[in-house]
Structures are given as structure tokens and as C-alpha cells.
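Subject: Handing over a structure

Hello,

Here is the structure I promised to pass on to you. Please open it alongside this email, and I will walk you through what was found.

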Amino acid sequence: MKFMRFISAGLGAAALALSAQAAGGAKHPHAPEGGWDFQGPLGELDMDSVQRGYQVYREVCASCHSMRLLHYRNLGEPGGPFYDPEYPNANDNPLVKAFAAQDEILSTEPNDVGDYDYRPARTSDPFKSPYPNEQAARAANGGAYPPDLSVITKARAGGASYIYSLLVGYPEEAAIATDTIETEGEDGETVTEQQTLIEVGEMAVFEHGDSHYEGELVQPVGQYYNPYFAGDTTPQWQGDPRHAPPGGFLAMPPQLTPGRVEYLDGTEATVSQMAEDVAAFLQWAGEPKQTQRKSTGLAAMIYLAILAVLLWFSFHRIWRKVDH
Amino acid sequence: MSGHPSTYEPKTGFTKWLDSRLPIVRLAYDSFVDFPTPKNLNYWYTFGGILAVCLMTQILTGVVLAMHYTPTVDGAFASVERIMRDVPFGWLIRYIHANGASMFFLAVYIHMFRGLYYGSYKAPREILWILGCVIFFLMMGTAFLGYVLPWGQMSYHGANVITGLIGALPVVGDSIKAWLMGGPSIGNQTIQRFFSLHYLLPFMIAGVVILHIWALHVPGNNNPTGVEARKDPEGLKKDTVPFHPYYTVKDAFAIVVFLLIFAAFVFYMPNVLGHADNYIEANPLVTPAHIVPEWYLLPFYAILRAITFDIGPIDAKLLGVIAMFGSIAILFVLPWLDTSKVKSMRYRPVARQFFFGFVVAGLLLGWCGASNPDDPIIPMGSDKLVVSYTDANGNEATQTYDEYEPAATFRDQKVEEGVDASIAVQKAPAFRFVHLAQILTLYYFAYFLVILPLLGLREKPKDEPTSIHKAVLGSHDRAAPAPAE
């Protein structure tokens with residue numbers, strides 16, 4: 001019976017674990033080398049990294065991705081990347097004010113004659129969105145809608161590791177080939193077409209372990225292969241259909257190239273560094289109170305543990321004369 | 001306990017005055033202080049108290065959340081995130097409420113399995129058991145309604161699946177569905193009525209909990225031996241201890257240990273029991289790849305999807321709905337299905353094997369519910385490649401290959417000949433999740449409808465102790481047991 005109980009407990013845990021994740025055919029995301037500083041019950045965000053990540057967001061991501069749930073004041077609130085104890089009220093923080101003032105937004109309140117003016121953003125305003133609405137965003141991005149990044153680390157299995165893996169996971173130059181196809185057009189002329197082929201087996205992420213992926217992916221125009229993006233590569237796969245590589249095609253081309261941003265703190269802007277920083281920033285943005293959550297948690301756990309010990313001794317004292 | 005005389009004696013002038021008008025202090029004293037409780041209750045019996053804490057936690061946090069929540073399709077998602085970001089300790093309140101639902105179900109399942117194992121549903125506790133089933137059913141309804149409120153992708157598409165099930169019911173289905181959704185589809189009117197009902201149902205649960213405790217206090221607690229506490233004053237004294245302080249302290253210890261686990265989820269992995277897709281705002285036009293309910297509903301979801309065949313005029317979908325609701329409805333009549341006179345499975349060696357099988361079946365059903373029904377568990381053979389082409393006579397023809405190279409060569413050769421040819425994968429036969437779910441569903445129903453009714457008539461139980469007092473004597477690890485009195 002002990003054995004059965006052991007089995008039931010194990011199965012229960014497995015069922016719980018499985019129910020929590022149900023990802024598609026995408027490659028499992030991984031953390032950057034050395035892991036995340038915010039991992040574990042005591043882990044805290046590396047605020048230097050979050051600050052750099054905000055720079056990457058502003059200079060790269062923000063041209064297409066909104067963060068509607070974030071306000072400029074959040075940057076200077078306790079637990080935020082630009083919190084300054086000298087300014088307990090984030091709205092007084094000169095750095096935060098400066099960040100806000102750099103963005104021009106359409107005022108939400110009408111002026112004296114009932115029109116809406118453009119004005120510099122204030123700390124109480126939400127982050128400026130690149131597009132006024134979804135239609136505008138789609139029109140500017142070939143029909144694709146760049147998702148809002150406010151809670152993206154909570155909205156994807158893998159969280160910050162997913163963001164990091166996706167950003168560094170695009171095929172390297174060496175794995176991309178171009179093929180010219182000549183077909184006969186309607187009036188007998190020769191039409192040449194350029195085709196982008198991904199040699200999946202050549203990609204660094206597949207080097208170790210799987211030698212399955214002998215073949216090429218035909219990349220659709222305006223779409224980019226990424227092994228971490230949930231999708232189905234079978235229709236584009238020229239090779240054994242039983243071994244189509246994991247991942248999918250997304251409308252976002254690779255964004256991070258070495259030196260794409262010039263970090264204010266002098267850190268070298270490698271692709272991996274920028275991806276790690278912006279993932280850390282999005283991790284903070286997804287839950288600005290996470291540091292407070294963990295510190296409150298520590299106090300709560302200690303309190304409950306002491307209470308449990310006291311109650312255990314009380315229980316044994318009260319029951320000491322009773323057979324049960 | 002019925003027949004146990006009240007021992008409450010009001011001491012002050014005010015309590016005497018009150019006692020002769022509204023004996024509420026007497027009621028509380030008799031129910032929660034002096035109440036005679038079997039002295040051999042183990043930790044599985046602490047989950048009643050744990051569940052009371054869960055219900056109160058959910059109501060308290062829920063009332064606060066309702067102050068900040070906006071039940072509209074445009075505002076719901078943002079208002080939940082606003083609670084997480086701008087309401088003081090809003091993140092804590094919301095995470096307690098969201099994880100509290102999971103903890104509530106974890107506790108209720110343990111509580112129910114405890115009742116199944118020790119035969120707590122048998123006479124004279126049938127009403128107590130049925131009221132518990134009512135609470136469980138209301139809990140599932142409340143949890144479903146609550147899961148819709150954050151208005152994420154799983155909220156919306158989960159609600160679509162569940163209301164679709166109700167629509168499958170014959171004759172009345174469509175009307176009930178339209179009434180639930182407040183219109184022909186899920187929209188603003190749905191979220192508003194779900195919010196209203198989500199606020200209502202917990203108070204109905206609280207009402208049934210009062211009846212549940214009342215029905216418990218008439219026959220008194222069952223216990224691990226299944227032997228009733230003796231009624232005569234001498235025997236009662238030997239078999240039981242007063243609820244306070246003996247069980248207040250034991251329950252308090254168990255509750256705090258439970259809260260430690262609860263807190264570990266709230267503070268360190270608040271989103272692990274949820275689905276990432278529910279942090280994507282609901283979009284009717286984009287359906288998630290896999291729609292799965294919360295973990296605590298997975299076994300029932302697996303039963304629903306296990307029925308893939310029609311029986312006579314009843315189609316598979318309706319049968320699935322019937323099986324799913326039937327799996328809950330069957331619990332209500334359990335007291336009359338189990339024919340054994342022996343309550344506790346401690347003394348039913350055969351039944352107990354089937355019981356542990358039932359626990360495993362429940363957990364495996366959860367696994368099936370979380371998985372894609374068509375995914376193989378045990379593959380039989382390997383997938384093959386089929387090249388389809390048009391042969392010389394213009395007929396469709398196929399050729400099957402194990403290896404990719406020859407298949408591709410054959411296809412290319414056909415294409416060069418000017419014939420349409422393509423390669424497709426032929427899945428190998430396999431034992432799939434849907435098959436496992438079907439076997440487990442069969443066992444689930446057989447346990448109640450065949451095993452328990454027949455076993456009670458055929459099984460030879462072990463000897464039960466003559467009393468609780470006898471059962472605990474010497475069972476304790478102390479060498480010389482001190483007299484209990």
C-alpha cells in the first residue's frame with residue numbers, strides 16, 4: 001500500500017506539472033548563460049540590467065510594440081529601475097520626468113476649444129504607443145500585429161527565458177541560403193524568384209544532440225524562422241516530414257545586431273547582452289511588485305513556520321495524556 | 001451530537017439573560033467546544049477545518065477584488081492588471097484569490113477521498129455526504145465563472161467550450177445556453193452576469209456549509225475505524241474527547257502547515273498553476289492551440305473527451321456531456337451503491353485495492369485531460385511515408401516507404417514525369433491518450449456501479465474493533481499508555 005501511495009503522489013505531481021504547461025511544437029526556451037538573477041525565492045532583479053533593458057526597449061522595440069499597462073511613473077516607483085530614495089514620489093523624479101517629456105503624445109483631455117493637442121508626456125501618462133490602434137499597427141507591419149509587451153513574460157511559457165531565446169534564436173548568416181528559381185510565366189517569359197532557405201541542421205542551437213534536421217526550410221516572404229516561436233514548420237519543410245524542425249515563422253525580423261544600441265553605462269552591446277537586458281526589463285514590467293512579493297513572502301513563511309512549530313508543541317502537550 | 005446533553009452553563013448576568021432568549025453562545029459551545037469527537041481522528045480529518053479557512057479566504061479576498069474590478073470586455077483585463085500594479089497589496093490579494101481556488105480544490109479532493117476511504121458517506125451520514133457533493137458542484141460552478149472574469153484567452157475560449165456543452169443538451173440546451181451567455185454569443189453581457197453569479201455562489205456555498213456542519217453534528221464524526229462512538233455516557237467518554245482544545249489545536253496545526261504550502265505558491269510561484277495564455281487579453285478571432293481548463297477540472301474534461309463514439313441515436317458530443325455530468329451525479333447516490341456494512345476500508349482488504357486504483361485513475365484522468373487526446377502514449381511501430389500520385393490510368397495511387405530518401409526520389413521522378421505527387425505521413429498505430437481516458441472512464445463508472453455494489457455482498461471483511469477505545473489502546477507508540485480518562 002505504501003507503494004501505491006507513493007505512485008499516486010508521483011502521478012499527482014506529474015499531472016499538476018503537465019497541466020501547467022501545454023506548449024506547441026517549439027524548442028524549449030533557455031536562460032542566458034549563468035541564469036537569471038531574479039530566479040529562486042531570494043533572487044532579485046539586476047537593476048542595472050533592467051535599466052539597460054529599458055534603453056533597448058525605447059530604442060528598438062518601442063517603434064512597433066506598445067506597453068499600454070505601464071506608466072512612466074512606474075519606472076521611478078519602489079522596485080522600479082530608476083527608483084531614487086531621494087524622490088519617494090516617482091512623479092518628482094527628474095529622470096522619470098525627463099523620460100516622459102521625451103515622448104510627444106496626443107492629450108486625452110480636450111483643450112479650451114475642444115481640440116486634442118499633442119503635448120510632452122507626463123509621469124502619470126501610460127507609455128506612448130507606436131500606433132493609435134490595431135488596424136494602424138497591422139497596416140504598418142504587413143498584416144501582423146506586434147503584441148503589447150506589458151505582461152509578455154507572464155503570457156508566454158518560459159517567461160523571460162522565452163524572450164531571450166527568441167531574440168537570440170534566429171538562424172545565423174551561415175545557415176541562410178538564397179535560391180533562385182526560374183519558372184515559365186504566363187506569356188512564356190522566364191520569371192526568376194528569390195527563395196530564402198534555412199539550413200536548419202547548420203544552426204548553432206541544433207548542433208548538439210539532434211542530427212535529424214537534414215533538409216531546408218523555405219522561408220515565406222515577410223516571415224522569419226525561429227525555433228522558439230510556437231508554430232508548425234511542416235508545410236515549409238523540404239525533408240522528411242516526420243522530422244520537421246520545431247518552431248515557426250513570425251513576422252518580426254531579427255532585431256538585435258551587435259552595437260544596435262549604445263549603452264549609456266558603457267556595457268558592450270552584444271546580441272546576447274541586449275537580449276538578456278530587454279528580457280530582464282520585460283520581466284520587471286510584467287510584475288513590477290515581484291521584489292516586494294518575494295520579500296513579503298520571506299517574512300510570511302518565517303512567521304508561519306514559527307507558528308507551526310509552536311502549534312506542534314501545543315498539540316503534543318494537550319494530547320500527551322490521551323491515547324489516540 | 002444528538003443525545004449529548006448540553007453542558008453549557010452561563011456564568012454572567014448577561015449570558016444568562018441572552019441564553020434564555022437566543023441561546024447562540026450555547027450553540028457555539030456545544031458545537032465547537034464541548035462537542036464529543038472521536039479521539040482517533042488522523043490528519044486526513046483536518047481538511048474540514050482547512051476548507052472552512054479556504055472558503056473564508058476566498059470570500060474576503062474576493063470582496064476586496066470586486067471593489068477594484070471592472071466587469072466589461074474592454075476593462076476587465078486592464079483592471080485585473082491595475083489591481084496587480086496600483087492597488088496597495090493588490091498583487092497579494094489577487095494571487096491569494098487565484099491560487100486560493102487551486103488550494104480549495106486540492107483540499108476538497110483530499111477531503112472527498114478521505115470520505116470515500118473511511119466510508120463517511122454511509123448511514124447515518126448520507127445527507128452529510130450529499131450536502132458535500134452539492135458544495136463540490138457549486139464550487140466547480142464558481143471556479144468556472146471566476147476563471148472567465150480576468151478575460152484572458154483561456155477565460156474566453158474555455159467559456160465557449162463549457163457553454164457549448166450545455167448547448168448540446170437536447171430540447172432545453174439552446175435556451176439555457178442563451179440564458180447563460182445573455183445573448184447569442186459571449187460578450188459584455190456574459191461577463192457582467194458571470195461576475196454577478198460569481199459573487200452570489202460563494203454565499204450559497206457558505207449556506208450549504210452551515211447545513212453540512214449541522215448534518216455532521218447530528219451523528220457526530222466518522223473516524224478511521226468506521227466504528228461509531230458509543231452512545232452511553234461511559235462509552236462516549238472513553239471513545240471521544242471534547243472538540244476544544246483537542247481538535248482545535250490539531251486543526252490549527254494542520255491549517256498552518258497547509259498555509260505554508262499555500263504561501264509558497266502565492267509568493268514564489270503565483271502563476272505556475274495557471275495557463276500563460278490567460279495573460280493574453282481575450283480575442284474571439286484567435287483560438288489557442290490547446291484549450292485546457294484549470295487543473296482541478298481536468299479529470300472531468302478527460303471524461304468528456306473520452307467519448308468519441310455514438311450510441312444509437314445519441315451522438316458522441318451529447319454522450320460526453322452526459323458522462324461528464326454523470327461522473328459528478330453518481331457521487332450523490334453513492335451511499336446507496338455501496339452495499340458493504342463495514343465503513344472503513346481498513347477492514348476491507350479487497351475494496352481498498354480498488355480504492356487506490358480509483359485514486360490512480362483520477363490522477364491519470366487529470367493527465368489525459370491535460371494532454372492532446374491524439375498524442376501517442378505507447379507507439380506501436382513507426383510512422384511511414386506515403387507518396388500519393390496519379391498513375392498511368394489516371395487513378396489515384398499510393399506507395400508506402402519507411403525511409404525518406406527513396407520516397408523523395410520516387411516523388412521527384414513522378415514530378416519529372418509531369419504527374420502530381422506528394423508525400424504525407426502515415427501515423428503508426430499507437431495507444432493514445434484518448435484510449436487511456438476511455439479505459440479510465442470505464443473504471444471510474446465501474447468503481448461506483450459494479451465494484452462497490454458487488455464487493456459489499458461478496459467481500460469478507462476483517463474483524464472491526466469493538467470500540468474506538470479498544471482500537472487506540474496499544475496502537476500508540478508509547479510503551480505504557482496512560483489512562484485516557
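A definition to begin with: angles under 35 degrees count as roughly parallel, over 145 as roughly antiparallel, 65 to 115 as roughly perpendicular and the rest as oblique. What you have is a predicted model, in which local features need pLDDT of at least 70 and side-chain atom pairs count only at pLDDT 80 or more, while totals for chains, interfaces and linings use all residues. Residues are numbered from 1 along each chain as its sequence is written, and chains are lettered from A and ligands numbered from 1 in the order in which they are written.

On confidence, the model scores ipTM 0.91 and pTM 0.92. A contact here means that the C-beta atoms of two residues, placed from the backbone, lie within 7 Å.

Now to where the chains meet: 48 residues of chain A are in contact with 52 residues of chain B. On the chain A side, the elements giving two or more residues are α1 (2–20), α5 (152–155) and α9 (290–318). Helices (H or I, at least four residues) and strands (E, at least two) are DSSP runs, numbered from the N terminus. The largest share of that side, 15 residues, comes from α9(A). By class, the side divides into 30 nonpolar, eight polar and 10 charged residues. Nonpolar covers Ala, Val, Leu, Ile, Met, Phe, Trp, Tyr, Cys and Pro, charged covers Asp, Glu, Lys and Arg, and the others, Gly among them, are polar.

How do α9(A) and helix α11 (residues 243–268) of chain B pack, and at what angle? Their axes are 9 Å apart, at an angle of about 160°, and the two helices are therefore roughly antiparallel to each other. Axes are lines fitted to C-alpha atoms, for helices over the stretch in contact, with angles from 0 to 180 degrees between N-to-C directions. Their contact holds 22 nonpolar, three polar and three charged residues.

Chain B also has an open sheet of three strands, ordered β5-β4-β6, with antiparallel pairing. Strands pair if DSSP finds at least two bridges between them. β5 (396–401) and β6 (421–426) of chain B are at the edges with a single partner strand each, so one side of each lacks a neighbour in the sheet.

Best wishes
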